[in-house]
Amino acid sequence: QVQLVESGGGLVQAGGSLNLSCAASGLPVSYYVMNWYRQAPGKEREFVARISWNGVDTSYADSVKGRFTISRDDAKSTTNLEMHSLKPEDTAVYYCNAYAGEAPGYNHWGQGTQVTVSS
């Protein structure tokens with residue numbers, strides 16, 4: 001059974017840092033592009049960061065560029081999101097996504113972890 005389990009969320013003051021982690025099991029994670037998305041209350045889920053299957057290429061939403069860093073350790077089946085200089089507008093539930101295509105069984109989501117940034 002495929003599982004993506006996020007951890008590391010919490011409450012932090014503006015300007016602070018958090019490190020989210022996504023632990024994957026039940027899938028060959030090295031074949032997947034790993035993504036982080038987030039969803040704030042009353043808003044649609046939005047893309048945050050992506051790392052290619054081989055870890056070479058990364059991309060970020062403009063709103064987090066320069067503040068967030070995505071990385072992966074396939075030996076541990078983990079994907080991390082380092083978040084610095086956090087802002088209240090970063091408050092959201094953060095979701096890990098493993099993507100290898102639109103076919104059934106190739107697009108997996110975690111349950112999310114709450115990040116709250118106080119002003």
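Mentor: D90 and R38 form a salt bridge, with 2.9 Å between the closest N and O atoms. The model is predicted, with pLDDT of at least 70 needed for local features and 80 or more for side-chain atom pairs, while totals for chains, interfaces and linings use all residues. Residues are numbered from 1 along each chain as its sequence is written, and side-chain values use heavy atoms, leaving out hydrogens and water.

Trainee: Why is the pair D90 and R38 called a salt bridge?

Mentor: The term needs a side-chain nitrogen of Lys or Arg within 4 Å of a carboxyl oxygen of Asp or Glu. D90 and R38 have their closest N and O atoms 2.9 Å apart, so the pair qualifies.

Trainee: What parts does the pair tie together?

Mentor: D90 sits in the loop between strand 8 and strand 9, and R38 in strand 4; these parts are 52 residues apart in sequence. Strands are DSSP runs of E, at least two residues, numbered from the N terminus.

Trainee: Which other residue forms a salt bridge with D90?

Mentor: R67, with the closest N and O atoms 2.8 Å apart. R67 lies in the loop between strand 6 (58-60) and strand 7, so this pair ties together parts 23 residues apart in sequence. D90 and R67 are both buried.

Trainee: What makes R38, E46, R67 and D90 one network?

Mentor: Their salt bridges share partners. The whole structure has five salt bridges.

Trainee: How do you know whether N35 is buried or exposed?

Mentor: Its relative accessible area is 2%, so N35 counts as buried. N35 lies in strand 4 (residues 33-39).

Trainee: What makes the N35 and R50 side chains a polar contact?

Mentor: The distance is 2.7 Å. A polar contact is an N or O pair within 3.5 Å; within protein, one atom must be able to donate a hydrogen and the other to accept it, and sequence-adjacent residues count only if both are side-chain atoms.

Trainee: Which residues does F68 contact?

Mentor: Beyond neighbours within four places in sequence, the contacts (heavy atoms within 4.5 Å) include R38, V48, L81, D90 and Y94.

Note on methods
Helix = DSSP H or I, 4+ residues; strand = E, 2+ residues; numbered from the N terminus. Buried < 20%, exposed > 50% of the residue type's maximum accessible area, 1.4 Å probe, protein only.
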